[in-house]
Structure formats: structure tokens, C-alpha cells
Amino acid sequence: MEMESLKSCGAFMKKLRLEPIGSDSDELNGLTFAVKDIFDLEGQITGFGNPDWGKTHSAAICTAPTVLSLLKSGATCIGITVMDEMAYSINGENFHYGTPVNPVAPDRVPGGSSSGSAVAVGAKIVDFALGTDTGGSVRVPASYCGIYGIRPSHGVVSVDGVIPMAQSFDTVGWFATNACILKQVGRVLLQSDHESKGLTKFIVAEDCFKLLDSKSNRQTIGILVDSVRELYGSDQMIEYVSIGDYIEKNVPSLKKFMTIETCSNNNIPSSLRALSAAMRLLQKYEFKENHGEWVSEVKPSLGPGIAERVQEALRTTKDEDIDVCQTVKTELRVSLSGLLGDCGILAIPTVPGPPPKLKTETTTLEGFRAKAFSLLSIAGVSGFCQVSIPLGIQDNLPISVSLLANHGSDWFLLNVVEAIHNVLYL
């Protein structure tokens, strides 16, 4: 790779080269990848997106198992990528190291916190890249950069050797420019069954698509449904539901969060607002448990937005319905498993609209973030797998859609995504 290309997109914290090792398989022979600055690499300091973190931590003594698996399958790692500080943003703007340039919309944010990994793939510097997704940190930048991104089922891919953000939600995900490479990487990293299953149910969450503007709404649903209809030759498996109503009826513990107003926008179903509130509360609490002591002792320099979020997390206590959050997680997984079964797919928007402009004020983004986290919380809280699929460019900005499948049905989901990709792009 040309060094000039590495510099121009700002995706990389550090250029290095880790050659393939061993001979577990040749699944990824000839492919290059990059890793987010949250994965341990032997002999390297894992920076966690913040210079003070790097100054107060030693070099890793071993490499994260996920990275080793990729190297053992023939892939070559060429660099460590920029990320949002402490993985606490979905924007992708790093106050200290700069913002990686969105390859399809240079005046827009690339999405975070796995911003550099998404940009490296979107700019075609690497074939695929590793990121992490706690609240949306693979799905959002995948959507903003017009590429594929997967958040696997919670607990399916090893998070050993990865700095935790909030372990109830942390997952290791990856980006690719096409569904074939996305699936190749999945063959290496997924511990789930690779048996093929046929799609029996395709559910469109109508209320979620109403969070988009009408033009995007019509185009996204139309492209998606037409692809499914072409693949399976029938409308019989396509269903339309209000996922907000379904969740409200089947997740009783959410009532505890129904009175929490996260946004004045009435377009967001109340159950999804509540789900988002539960997710963010548990995330703040676990972040404090993981990093509160370090933040209090070191008092690191943190960028705008991140600093306020971290301080809010440090004020969280276990008295704030933390146990109820765990109950919500269990109830949501059971209820959505009943809806989808082993061979069903749920379709939602990945994000509520195109990527925001660079350096947009945090207050201006509040409504957008509220909608985004309402969508992102469905897979986040349930632990289901989700793939963001690029659908091209509208008004010079990328659009996408997401497909979700039951916990542990990652391989099934990747097969469906590949089939839809073939219809869309062949």
C-alpha cells in the first residue's frame, strides 16, 4: 500500500506489517486487514483512542486471539486504525488524532467509534478491518462509509485481548467492501454452526423506517423488498410489523424506563426510547466499573462530547435500575427469538439518515442520536447479530439498511446478506 494513501484518509494510527503465521487454513490468503486501536498486538501499546491512555499503559504481551486467527488464516495486517476516545462516540471525530476522511462523503463524519477501520476499508486500502461494536460502533461507520459491517451475536466472537467498554454489549465486528469477504472473515471468526438454513420469514419493521425522511423511506424499503421478492419469487414470506408495539407487549420490564424522556421527537416508538435508555444506563455503569478509577486518577484530556459523556458515566450508581437493565436484556432476547425463530430476518434502517456534517454541534445532533440509538438498541440489548448493507448513493450521500437474525444465527444471516448482495450488484 502506498504511504500517501495511508496519510490522505487519516485512517491509521500506526503503519505496521504482521505477516501470516502458521497454517490453520488458507481462507484469507492474499487479503490485507487493519485493526482498531482497541485490540492488543504483542509489543504494541493499545492506545484506546487517547494519548493519556497510551502514556499510562505498557505494551501488550500477547496478541488478541481474533487477530491471531486472521493471521493464521493467511491474512496480513498492515496497520492500527484511529478510533473515538475510549470507544465512547458514534461520530468518528478524534480531538487528538484527527478525523479519518469519509471516502464517500468527505465533508461528513465517518462514524465511530471504529472510524479508522471503516475508512480504511471504504478507501480500499485494506480488504477488511476489525472494529468493535458496543452501542453501534461498527454498524454506524459501515453505513456512513457505504460498506458492509457486521455486529455478530454477543459472545460469539472472542473479546479477549480487547479493551472492554461495556461487557454486556461489547462485540468484535468487521468491515468489508462486499458480502463475499464479509463471509470469508466470518468463516474464520464465527464459532456458530456453518450449516445452511433457508429463509422462511422476512419481517420489515415499518415503524423503524418511519424514522427516515419519506424519500429515503420509500427507496430503502423498495430496494430491499424487491430484492427479497426476486430471490424467493414470492411475497408470502414478507411481513410488516410495528416492532415497537411488539416489544412493548412482550418486554414488561421496559415499563420501568417508559417515563424516561430521551428525546421530544414523537416519531420514536416509546418502547424503543425506553430500550435505548436501558442500554445507555447499563453501558454507563459498566464503563465506570471498567475505567472510572483510571479516569479519576489520571484525569485524561478528553475531547468535546467525550468528556461530558465520561463524566456522566462516572456519576452512575448501581441504585439506578442496573438489575432491571439485565432483565430487559433477557426478556428482549426471548421475545425477539419467538418472533424470528431460527430462520427469520428483521429489517430496519441502520441509522436514521445520512452522516452528519463534520463539526456539527453536539446539541444539534441530539434528535438524530436519539433516533439512532433507538434503532441500534434492538440488536444491542437482545444480543442478536446485525449486518449493515450499503444500498448506494442518494443525493451524493450513502444509504443503507440492516438485517438482524436470532442470537447464534450469524452464518444464516451472512448467507442471506450474500444472496441479497448478489441480487443488488450482479
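Visitor: How many disulfides does a search of the whole structure find?
Guide: The search finds 0. A disulfide here is a pair of cysteine sulfur atoms within 2.5 Å. Keep in mind that this is a predicted model, where local features need pLDDT of at least 70, side-chain atom pairs count only at pLDDT 80 or more, and totals for chains, interfaces and linings use all residues. Residues are numbered from 1 along each chain as its sequence is written, and side-chain values use heavy atoms, with hydrogens and water left out.

Visitor: Is cysteine 385 buried or exposed?
Guide: Buried, at 0% relative accessibility. Cysteine 180 is partly exposed at 42%. Buried means under 20% relative accessible area, exposed over 50%, partly exposed in between (1.4 Å probe, protein chains only).

Visitor: New topic. At what angle do H10 and H12 cross?
Guide: Roughly 125°, with the axes coming within 9 Å. H10 covers residues 270–298 and H12 covers 322–340. The pair is therefore oblique. Angles under 35 degrees count as roughly parallel, over 145 as roughly antiparallel, 65 to 115 as roughly perpendicular, and the rest as oblique.

Visitor: Which residues meet there?
Guide: From H10, they include Leu275, Leu281 and Tyr285. H12 brings Ile322, Val328 and Leu332, among others. The contact residues divide into 9 nonpolar, 1 polar and 2 charged.

Notes. Axes are lines fitted to C-alpha atoms, for helices over the stretch in contact, and angles run from 0 to 180 degrees between N-to-C directions. Helices (H or I, at least four residues) and strands (E, at least two) are DSSP runs, numbered from the N terminus. Contact means heavy atoms within 4.5 Å. Ala, Val, Leu, Ile, Met, Phe, Trp, Tyr, Cys and Pro count as nonpolar, Asp, Glu, Lys and Arg as charged, and the others, Gly among them, as polar.
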